[in-house]
Amino acid sequence: MLKNFLTVGGWTMLSRVLGLIRDQLLAAYLGAGAAQDAYQVAFRLPNMFRRLFGEGAFNAAFVPLFTERLTRDGEAPARAFASEALSCLSAWLLAITIFGEIFMPWVISFIAPGFGHEGGRFELAVSLTRITFPYLILICAAALVAGVLNGLHRFSMAAGAYVSFNIVGIISVLLGAYLFHDTAHVTAWGITLSGFVQFGLLFWSVRRAGMPLKLVRPRLTPDMRAMLRRLGPGLIGSGVTQLNLTVDTMIATLLPAGSISWLYFADRVNQLPLGVLGAAAGTTLLPVLTRHAANREVREGHATMNRAIDYALLLTLPACFGLLALAPEIMSTLFGYGRFTTQDALFSAQSLRAYALGLPAFVLIKVLSPGFFAHGDTKTPVRIGFFTLALNLALNLSLYRPLAHVGPPLASALAAIVNMMLLGIILYRRDVFHPDKRLIDRLVRMTAASALMAAVVLMVARTVTPGLILWHGLARAAALGALMIVAGFIYLAALSILGVATPRAVLGKLRRR
């Protein structure tokens, strides 16, 4: 599990870093105004589906059934099941895409109620979303093929294909800015093009793996009904975080122009550790927990869940405290160029701190949800999801006026904490999750090490590099890099002193793996 965790996490890290580069270019060439807001609304729908299907719900619904067919019946029935699933899913999403293209003005009115028709944001958002909407079919089909590869325990290409999304995105931003002089529209076309690239890479990989898929006549067979029963609830249970972020975007359209952009760039930084650690843990944990559940290995299931939480929070906790300490410096260094002003960076940093408060909860939702899916229970996460979604909406409506652009991310963070607590309590009562003394002790020590790191690096930033957000170019980037290196050394030293992990022990484990 650790080996697969590192494989998926490594590819996801590369994808997130390239995604930050793409976002830096978007900030520099579009700034934080009406055009950026319209583009982000157009990007929200396909991006939400990408995260839902690529990182959560589809794995929960498809992988256990595919693995069961492969283990029990062999390759031919498993391949037939995967082909049926690909055909049914593609036909269903094609109908949704056609429907969405026709009624796009009403869709934008729903997800961006504050746009109105002034300033051109509404019309631009409709135009851009019509370009990006076909990406839904491609990314969902790609997620199914990736699920086949995960079921075959070939995690590398399934995770690596998503890197192409950001590579195509970077190229499209540059072409739009320098060749076509229309960054928003060209970048929107790049989103759809990246869907073809991702699906092509995964389709080629699954053929090389000896499991070629083909389109057949869509039929609602018993297998398809079983998968759809799991998929529907799983979309909500595993994707509550994304639905909450969509609610944040809807509320942000009611705020002044630029608010959507501040929230988006803050969320992108917050998504770096969430995507790397949460997605990697959830993806690699589900097959292991499913096997333990099938064999009724209760103690082994407890140990696996505990170690997954340990692995995930070992890096999530310092990321959380580090973002709280250095949010202004991070946002100004990453995005404070071109049309994205210092004031924009400061507002976005305020949103980032609110998101960071819920970062451990966001990650633990990804870790705890497979505990339900492995035992065939998708209803409980749905019930919890509906409750926390309603809670998030209520908190958003209560906080967005007094806290402006800080309200939506704070509401999302509080809802995620409640979601995580409910998942953990129910799993504990079912004897699926039982935190041992070792896990609790290590979490306390990791939290102390992270808090110490944040306090020291904040003090260093205020005394050694005051006013860093006003610096420019390489000097600002070098100073932030130095602060992060200092933070890393302090955290590693604190872990060693507190007995959590020594560098020699970590390197030895990695060598053995």
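Visitor: At what angle do the axes of helix H7 and H10 cross?

Guide: In this predicted model, the axes of helix H7 (residues 135-151) and H10 come within 8 Å and cross at roughly 25°. Because angles under 35 degrees count as roughly parallel, H7 and H10 are roughly parallel to each other. H7 passes H10 in a left-handed crossing.

Visitor: How do helix H6 and H10 cross?

Guide: Helix H6 (residues 121-132) and helix H10 (residues 183-208) have axes that come within 8 Å, crossing at roughly 25°. That makes H6 roughly parallel to H10. The handedness has to be read separately: H6 passes H10 in a right-handed crossing.

Visitor: What is the crossing angle of H9 and H10?

Guide: Their axes come within 8 Å and cross at roughly 150°. Angles over 145 degrees count as roughly antiparallel, so H9 is roughly antiparallel to H10. The crossing of H9 and H10 is right-handed.

Visitor: How are salt bridges to be read, and how many does the count come to?

Guide: Side chains of opposite charge can pair when their charged atoms come close. Here the criterion is a side-chain nitrogen of Lys or Arg within 4 Å of a carboxyl oxygen of Asp or Glu, and the count comes to 11 salt bridges. One of them joins Arg121 with Asp37, the closest N and O atoms being 3.1 Å apart. Arg121 lies in helix H6 and Asp37 in helix H2 (residues 34-55), so this pair ties together parts that are 84 residues apart in sequence. Arg121 is buried, with a relative accessible area of 8%, and Asp37 counts as buried at 0%.

Visitor: Which elements does the pair of Asp223 and Arg69 link?

Guide: Asp223 forms a salt bridge with Arg69, with 2.4 Å between the closest N and O atoms. The pair links distant parts of the chain, Asp223 being in helix H11 (residues 222-237) and Arg69 in helix H3 (residues 57-72), 154 residues apart. Asp223 counts as partly exposed at 26% relative accessibility, whereas Arg69 is buried at 9%.

Visitor: What separates Arg445 and Asp441 within helix H19?

Guide: The side chains of Arg445 and Asp441 meet in a salt bridge (3.1 Å, N to O). Being 4 residues apart in helix H19 (residues 437-463), they are separated by about one helical turn. Arg445 counts as partly exposed at 31% relative accessibility, and Asp441 is partly exposed at 37%. Elsewhere, salt bridges that share partners join Arg22, Asp23 and Arg268 into one network.

Visitor: Which residues make the nonpolar surface patch?

Guide: Leu94, Ile98, Phe99, Ile102, Phe103 and Trp106 make a nonpolar surface patch of about 670 Å². Helix H4 (residues 75-102) gives the most to this patch, with 4 residues. Phe99 is found in helix H4 and is exposed, with a relative accessible area of 54%.

Definitions and conventions:
Residues numbered from 1 in each chain as written. Predicted model: local features only at pLDDT ≥ 70, side-chain atom pairs only at ≥ 80, totals over all residues. Heavy atoms only, no water. Patch = residues over 30% accessible without salt bridge, like charges linked within 9 Å, V, L, I, M, F, W, Y side chains within 5 Å. Areas by Shrake-Rupley, 256 points an atom, 1.4 Å probe, with all protein chains shown as cover. Helix = DSSP H or I, 4+ residues; strand = E, 2+ residues; numbered from the N terminus. Buried < 20%, exposed > 50% of the residue type's maximum accessible area, 1.4 Å probe, protein only. Axes fitted to C-alpha atoms, helices over the stretch in contact; angles between N-to-C directions. Parallel < 35°, antiparallel > 145°, perpendicular 65-115°, else oblique. Left-handed = near helix turned anticlockwise from the far one by under 90°.
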